[in-house]
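Please look at the sequence and the three-dimensional view as I bring them up.

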Amino acid sequence: MVQSAPTSPLDLDALRTAAQSFAREEMRPVALRYDETEEYPLDLLRRAAALGLTRYDLPTDYGGGGVESLRDRCEVIEELSWGDSPIFWVIAQGGFFAGPLLALGSEEQKQRWLPPLCAADPPACSVAITEPEHGSDAAAIETTAVPRDGGYVLNGRKRFIGNGHIADLCIVFATVEPGSRSRGITAFVVEQGDEGFVRGPRLRKMGSRCFPAADVAFEDCFVPADRRLGSEGDGFRGLMSVFDVARVQLAAGSVGLGRAALELAVEHAAAREAFGRPIHEFQAVSFRLADAKLKLDQARLLTQRAAELADTGSPFSTEAAMAKLAASEASVFAASAAVTTLGGAGYIRDSLAQKWYRDAKLDEIWDGTSDIMRLLIARSLFT
């Protein structure tokens with residue numbers, strides 16, 4: 001069992017400053033290169049780990065930074081996503097993996113798998129939920145877990161799994177009672193080297209290219225009973241609680257990306273001249289950027305509200321959906337506005353504007369599409 005000594009909570013101001021500096025000096029300068037090559041940014045992941053940026057949101061008992069407040073975490077996320085969204089998501093995967101583990105796992109399981117996430121060279125982690133035929137309807141998962149001889153045999157296929165082709169650790173959601181929908185869903189930890197755990201192939205994506213996604217399969221994959229998180233049937237409860245937090249964090253990331261795009265567009269509109277004057281003096285340009293500013297600031301406020309509710313222990317599922325919807329769509333709008341404002345200079349592949357436009361679109365899709373977010377919000381009006 002790998003263990004690390006508890007650490008003291010990270011100073012939030014120092015953490016925020018470190019995030020800003022890392023985003024500006026380490027992430028932004030190489031963002032286009034990693035987009036073009038699709039190379040996994042392992043060197044940046046390790047440098048982020050040295051600064052505590054991979055562990056700040058994990059408990060101090062396991063070597064983490066102890067930043068418990070979701071509102072505080074969102075501030076760090078916005079800064080890192082301003083540097084580069086897909087590189088940030090590579091850095092953030094340990095925290096995403098830790099979510100179900102903290103929600104469902106025993107103390108022994110936490111001691112086993114959390115300390116490595118806080119190390120200088122953290123393992124590649126995945127959370128496997130989406131299936132080829134089941135994405136938005138998480139209760140319809142068909143991957144099965146059949147009890148057998150002190151453990152379970154997993155069979156099924158997952159799709160669009162972050163870090164899927166390189167995962168050292170993977171939390172997989174499967175059903176122990178096929179056809180029962182949420183009642184049978186149970187979470188398990190699968191490790192690299194487990195027979196029947198098949199990783200890959202990597203999927204080629206439109207954007208967010210250096211943060212890899214892949215199919216993973218479970219082919220008569222045996223996992224011991226001590227790899228089950230919680231009791232049988234607890235998985236859906238844990239999944240929903242993790243989704244709520246993840247959606248707020250994703251919203252903060254969307255705001256960071258959109259803010260970067262807006263800043264680039266404003267800078268260009270102030271410097272670029274047409275018909276003898278800066279283009280920001282044309283109402284078509286300035287109003288487009290004003291709309292982007294409005295949408296992003298609204299999204300940030302919604303994100304902060306959802307995070308504050310979470311921090312007080314209040315229900316925040318609807319607010320998380322609202323924040324995720326508003327922020328992802330604001331980010332796409334801001335990135336599109338940047339491409340439009342820069343014109344041809346924003347469309348060529350050595351422009352960050354076109355990269356951000358492609359990256360932003362993912363935020364409208366994963367962790368619940370915009371259609372699903374609207375459905376959740378609409379349901380809240382009638383319950």
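Predicted model: local features only at pLDDT ≥ 70, side-chain atom pairs only at ≥ 80, totals over all residues.

Which element gives the largest share of the lining of the largest cavity? That share, four residues, comes from helix α5. Residues are numbered from 1 along each chain as its sequence is written, and side-chain values use heavy atoms, with hydrogens and water left out.

The names of the elements follow a rule as well: helices (H or I, at least four residues) and strands (E, at least two) are DSSP runs, numbered from the N terminus.

Let me return to the cavity. By cavity I mean a set of points, on a 1 Å grid over the protein atoms alone, where a 1.4 Å probe fits but cannot get out; a pocket is an open set with protein on both sides within 12 Å along at least five of seven lines, and lining residues have an atom within 4 Å of a point. Grid points are joined across faces, edges and corners, and a volume is the space filled by probe spheres set on the points. A search of the whole structure finds one cavity of 30 Å³ or more. The largest cavity has a volume of about 80 Å³. It is lined by 13 residues, and L45, V90, G94, P122 and P123 are the closest to its centre. The lining of the largest cavity has nine nonpolar residues, four polar ones and no charged ones. In this classification, Ala, Val, Leu, Ile, Met, Phe, Trp, Tyr, Cys and Pro count as nonpolar, Asp, Glu, Lys and Arg as charged, and the others, Gly among them, as polar.

Two or more lining residues come from each of α4, α5 (85-104), α7 (235-271) and α8 (283-311). By class, the lining of the second largest pocket divides into 12 nonpolar, five polar and four charged residues.

I turn next to covered elements. Here buried means under 20% relative accessible area, exposed over 50%, and partly exposed in between (1.4 Å probe, protein chains only). In helix α6 (residues 107-117), eight of the 11 residues are buried. Among them are K110, W113 and L117. Which elements are included in what covers the buried residues of α6? They include α5, β1 (125-128), β4 (169-175), β5 (185-191) and β8 (228-229), where contact means heavy atoms within 4.5 Å.

Strand β5 is mostly covered too, with seven of its seven residues buried. I185, A187, V189 and E191 point one way from β5, and T186, F188 and V190 the other way. Two strands pair if DSSP finds at least two bridges between them. β4 and β5 run antiparallel and are joined by seven bridges; I171 has V189 in β5 as its bridge partner. β5 and β8 are likewise antiparallel, with two bridges, and A187 stands opposite L229 in β8.

My last topic is salt bridges, each being a side-chain nitrogen of Lys or Arg within 4 Å of a carboxyl oxygen of Asp or Glu. The whole structure holds 31 of them. What links D215 with R159? They form a salt bridge whose closest N and O atoms are 2.7 Å apart. D215 lies in strand β7 (residues 213-224) and R159 in strand β3 (residues 151-162), so the pair ties together parts that are 56 residues apart in sequence. D215 is buried at 9% relative accessible area, whereas R159 is partly exposed at 27%.

A second pair, D43 and R47, meets at 3.8 Å, N to O. These two residues are four apart in helix α3 (residues 42-50) and therefore separated by about one helical turn. Both are partly exposed, D43 at 32% and R47 at 34%. Finally, E78, E79, R259, E263, K293, D297 and R300 are linked in a network of salt bridges.
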